[in-house]
Amino acid sequence: LNLFCAQVYTAMIFLSIFTRLPQQVGKIGEYEECAFITPGMGAFIPTAAAQTTTGNQGVLQQVTEDRVEVVVNDRDVIVDLRNVITVLRKVRDASFLL
């Protein structure tokens with residue numbers, strides 16, 4: 001699982017994912033809640049159809065973000081992961097790639 005999120009929301013995303021799917025996500029051997037986090041600057045221009053919570057439509061926005069990578073041990077939980085991310089997106093914009 002790879003996702004990009006504002007740094008202030010990284011901990012909330014971890015808590016949500018690891019609480020909901022503790023055995024299926026982020027487990028490597030005898031370690032739990034494993035993730036790789038890369039800080040960076042996200043840039044985007046919201047389109048007219050965007051329901052943005054950050055920035056204005058048509059204007060370049062730059063946000064300090066984290067790229068988060070987490071091992072998914074069970075491919076059958078992809079739907080559950082998408083559901084968790086969907087709920088989180090309603091709380092705050094959290095772009096994701098699966």
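Student: What should I know before I start?
Tutor: This is a predicted model, in which local features need pLDDT of at least 70, side-chain atom pairs count only at pLDDT 80 or more, and totals for chains, interfaces and linings use all residues. Residues are numbered from 1 along each chain as its sequence is written, and side-chain values use heavy atoms, with hydrogens and water left out.

Student: Which residues have the most contacts inside the largest nonpolar core?
Tutor: They are Leu3, Ile17, Phe18, Val25, Val68, Val70 and Leu81, in a core of 15 residues. A nonpolar core is a set of buried Ala, Val, Leu, Ile, Met, Phe, Trp, Tyr and Cys residues joined through side-chain atoms within 4.5 Å. Buried means under 20% relative accessible area, exposed means over 50%, and partly exposed lies in between (1.4 Å probe, protein chains only).

Student: Which elements each supply at least two residues of it?
Tutor: Strand S1 (2-6), helix H1 (10-20) and helix H2 (78-91) do. H1 gives the most, with 4 residues. Helices (H or I, at least four residues) and strands (E, at least two) are DSSP runs, numbered from the N terminus.

Student: Is leucine 81 buried or exposed?
Tutor: Leucine 81 counts as buried because its relative accessible area is 1%. This residue lies in helix H2. Beyond its neighbours within four places in sequence, leucine 81 is in contact (heavy atoms within 4.5 Å) with Leu1, Ile17, Leu21, Val25 and Val72. The C-alpha atoms of leucine 81 and isoleucine 17 are separated by 7.2 Å, although the two are 64 residues apart along the chain.

Student: And what does valine 25 touch?
Tutor: Not counting residues up to four places away in sequence, valine 25 touches Ile17, Phe18, Val70, Val71, Asn73, Val77 and Leu81.

Student: Let us turn to threonine 10. Where is it found?
Tutor: Threonine 10 is found in helix H1. It counts as buried because its relative accessibility is 7%. Its contacts, leaving aside neighbours within four places in sequence, are Cys5, Ile37, Asp66 and Val68.

Student: Is tyrosine 31 buried or exposed?
Tutor: Tyrosine 31 counts as exposed, because its relative accessibility is 59%. It is placed in the loop between H1 and strand S2 (36-44).

Student: How many disulfides are there?
Tutor: The count is 0, where a disulfide is a pair of cysteine sulfur atoms within 2.5 Å. Cysteine 5 is buried at 1% relative accessibility, and cysteine 34 is buried with a relative accessible area of 17%.
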